[in-house]
Amino acid sequence: MDAHVSFTLNGKPVTVTSPRDRALVWVLRDELGLTGTKVGCEAGLCGACTVLVGQEAVRSCTTPLGDVAGKAVLTIEGLAVDGKLNPVQEAFKDHHAFQCGYCTSGMILTAWAFLKQKPKASRAEIVEAMEGNLCRCGAHVRILDAVESAGQALGGAR
Amino acid sequence: MKRRSFLQTTAAGTLTLFFGRSARSAPIEPTRPGAYPEDFNAFLKISADGRVGCFVGKTEIGQGAMTVLAMLVAEELELDPAQVDMLMGDTDLCPWDLPTGGSLTMWQTAPVLRGAAAEARAVLLGMAAKALGAPVSDLALKDGAIWVKAAPSRRTTFGELVKGRKLERHLGKVKPKPLADCTLIGRPAPRKDALAKVTGAAKYAGDLRLPGTLHACILRPPAHGLALATADTKAAERIPGVRIVRDGAFLAVVHPQPDGAREALALVKGAFEGTEPDVDDGRIFQHLVDKAAPGQRVVSSRGDLAVGEKRAATVVEAEYRNAYESHATLEPHTCVAKWEGGRMTLWASTQSPFVLREAVAEALKLGPDKVRVIAQFVGGGFGGKLVGPSAIEAARIARQVPGVPIQVGWNREEDLFLDGYRPAAVVKLRSGLDAARGAITFWDCLMAGVTPNEAEFPYEMQATRYQAPAVANLHPLKTGAWRAPNAHTHAFAREGQLDALAAKAGVDPVTLRRRLITDARVLRLLDLAVETFGWEPAPGPTGKGIGLACGAWRQGFVVALAQVAVDKTTGKVQVARVLEAVDVGLVVNPDGARQQVEGAITMGIGQALSEEIRFKGGRILDRNFDTYLLPRFSAIPRIQVVFADTPGMATQGIGEPPVVPVAAALANAVFDATGARVTHVPFTPERVLEALKRVPVPSA
């Protein structure tokens, strides 16, 4: 049963006509054309589809559309402001913290949600924050380095 | 598209470099007679706007080919790699090439591409000499401009030189720049795909949004060995927008939305027939041995085993096993296909655009010229996307729905079910060491499930015998190339066996290898690894948990050192540190090469400790990442990479070699930590506990 669901997407209001129980990832990719959010497992196990809802990193493959009504959704496409990369994006780019890039959007958004809360995180805390996101190419060490340096860029220098 | 039509669509104002007959001796050679098309193979195109386009039939699977190949072109043409536009994996536009696998890109494609760029440089300089009225030796070249050294105002550009002309050249014998003059090779380069990948702009096959695209889900049997007999599609067909495509045992549900197709498929009731294999992940090893037994043949032998056995002072006999392992790329197999005007176009996630073109042509009984593959960014390959079965499925459906783009995107369960796994294998070894602990007197190897390729390493052995089954395929499940096929299976057995011999004879693992290694490059690499690690080896087990292993992939060598901690109550292995010393000849992009090694070490950790496809009959029990366990962040050790400096040697390729010795080094580290020898990959906590139980209790 289609419903009209309104929310803020990357800073702009949108209204989607789709079933409320439809997974957010399909709405983002298929209805709204934002394909930076990836589909990896469809079960909330890999983190490739991670987006921010409010301040929280969520799995858009297990988040029903209805849950984001009236909320602010941020995807990888909305992270750079006026063409200027977000500090986490910048750090991932500089550290080459990816190979195939398929997990990258989810990694960056997970890290961004975490660093906003805790820029001065220890390495162990970063590991814990990133633990739910899978990378198959083995960019892990660089991802941790990138998150650490992004934290420093955000004023979390220890 | 034939060369003529390509040239017709190529605007005036281009210099196109073809790969002609004179380059027949170049390293790229077709694997099949006649496979290398003479009539269409432009590598480089310099346009009137001065941009340099590089056309390569490889794909960017995350390994950084896009960056390193652009570096080579830029090096010869004195450009910034950012000035080189890479067009990869389009079978209409790129020269025929081998698959993106086997670490072939740098070994085979790179020299040819460098040659093409060197040729372009010579042609452009020759044209500039004419235009500027000065000999080539008086000219300088940088960033697309050519000028007279003594009079820099007398200058021209690539764009001006080719403007209004349509030039064709065939590759001759121009040599690339000497290494000493290179300014890019050997220095880390920024990845060309970085911006696209951190902004979500990079397009993978599933990200195309062609107007009118329909999404297809295919009805799968619940088990291998079964095929669809009858299907009830009534409930699915009641959903608006659903269309059923049936072709024999192949049934697809098509819907405008990807999740809509999934939901509709769930309503299809299928009945399946056939026979599942009667084996499971526990019995697979005996199954392989039994099936192999009647037809064992000696594939190579040297010396007299009986004499060697008499000379041996220490003998070890052991059986090494590894489970089926999935490629588990994070991007599942995906393809969009469109049938239009008698041609099939596929936007695919593939490592091998040209092989896929042939495969689709064969499956649909079309001429290869009726199929065009356009590779997209590939979300991981590792051998799993060497062809692209989802593309063949998409093409079958698209053929029945002319003009409509059909997307097939497997879900994780399909991806784990349909993968061509790393083969499960058994390697039995019996071997001996002499009393002086300096020579392997005999080495008897019997294998099942794996081929003899990459079994040997440059160790001195007095007598050897390798036996493999004559039966081509013993496997009940589909197997395929998994990053450095065979090599890791053999390295795990061989390096574990050497470690066991060393420990039993009371010699440390480094000393034993120093005495056995016959190749000076490998000896230097061993020293480099041991020195960099800062290790004073002693006969194991020392309790420190440090393990050593060597590995090779063709002429690329790796020495791995690993340190682990083993929880003796849970059996959990935590890897603290891994170092690899790597010799793959000239390293073109040190940062790119380092990424490959880091990734391979990480993949090797998953292979060693947790990754295993469990199955019962034809049913695959691991259906998602909750039970199929890839290494997560907490499993990642401190990683060190050191390259041997061998610039005089041609680049060997870096994708496969570094994964080869990882599991072996970790197993040897577990032995050094505990005295328990793990011989079954993956050595999960349960298997480590079993191995710990077998450790003899020291008598009082």
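Colleague: How are α16(B) and α17(B) oriented to each other, and why?
Modeller: This is a predicted model, by the way. The axes of α16(B) (590-609) and α17(B) (662-674) come within 8 Å and cross at roughly 60 degrees. Roughly parallel would need an angle under 35 degrees and roughly perpendicular 65 to 115. So α16(B) and α17(B) are oblique.

Colleague: What is the handedness of that crossing of α16(B) and α17(B), right-handed or left-handed?
Modeller: For a right-handed crossing, the near helix has to be turned clockwise from the far one by less than a right angle. The crossing of α16(B) and α17(B) is right-handed.

Colleague: Which residues of α17(B) make the contact, and how many charged residues does it have?
Modeller: From α16(B) come B:Ile601, B:Gly604, B:Ile605, B:Gln607 and B:Ala608. On the α17(B) side you've got B:Val662, B:Ala663, B:Leu666 and B:Ala667. By class that's seven nonpolar and two polar residues, and the number of charged ones is no charged residues.

Colleague: Which helix gives the largest share of the side of chain B that touches chain A?
Modeller: Here 46 residues of chain B are in contact with 42 of chain A. On chain B, α5 (194-198), α7 (258-266) and α16 each supply at least two residues of that side. The largest share, eight residues, comes from α16(B).

Colleague: Is B:Ala337 buried or exposed?
Modeller: B:Ala337 sits in strand β16 (334-340) of chain B. Further along the sequence, B:Ala337 touches B:Met344, B:Leu346, B:Ala391, B:Ala394, B:Ala395, B:Ala398 and B:Ile406. Buried takes 20 or more other C-beta atoms within 10 Å. B:Ala337 has 30 of them, so it's buried.

Colleague: Which are the edge strands of the open sheet in chain B?
Modeller: Seven strands run in the order β11-β12-β9-β19-β16-β17-β18, with mixed pairing. Edge strands pair on one side only, and here they are β11 (243-247) and β18 (371-375) of chain B.

Colleague: How do β11(B) and β12(B) run, and how many bridges join them?
Modeller: In this pair, B:Asp247 stands opposite B:Phe250 in β12(B). β11(B) and β12(B) (250-255) run antiparallel, and the bridges joining them number five.

Colleague: At what angle does α11(B) run to β16(B)?
Modeller: Another helix, α7(B), packs on the sheet by touching β9, β12 and β19 of chain B, and its direction makes about 135 degrees with that of β12(B). Helix α11 (389-400) of chain B lies across β9, β11, β12, β16, β17 and β19 of chain B. Its angle to β16(B) is about 30 degrees.

Definitions and conventions. Residues numbered from 1 in each chain as written. Chains lettered and ligands numbered in written order. Predicted model: local features only at pLDDT ≥ 70, side-chain atom pairs only at ≥ 80, totals over all residues. Axes fitted to C-alpha atoms, helices over the stretch in contact; angles between N-to-C directions. Helix = DSSP H or I, 4+ residues; strand = E, 2+ residues; numbered from the N terminus. Parallel < 35°, antiparallel > 145°, perpendicular 65-115°, else oblique. Contact = placed C-beta atoms within 7 Å. Nonpolar A, V, L, I, M, F, W, Y, C, P; charged D, E, K, R; others polar. Buried ≥ 20, exposed ≤ 12 C-beta atoms within 10 Å, placed from the backbone. Pairing = 2+ DSSP bridges. Lists of a residue's contacts leave out its neighbours within four places in sequence.
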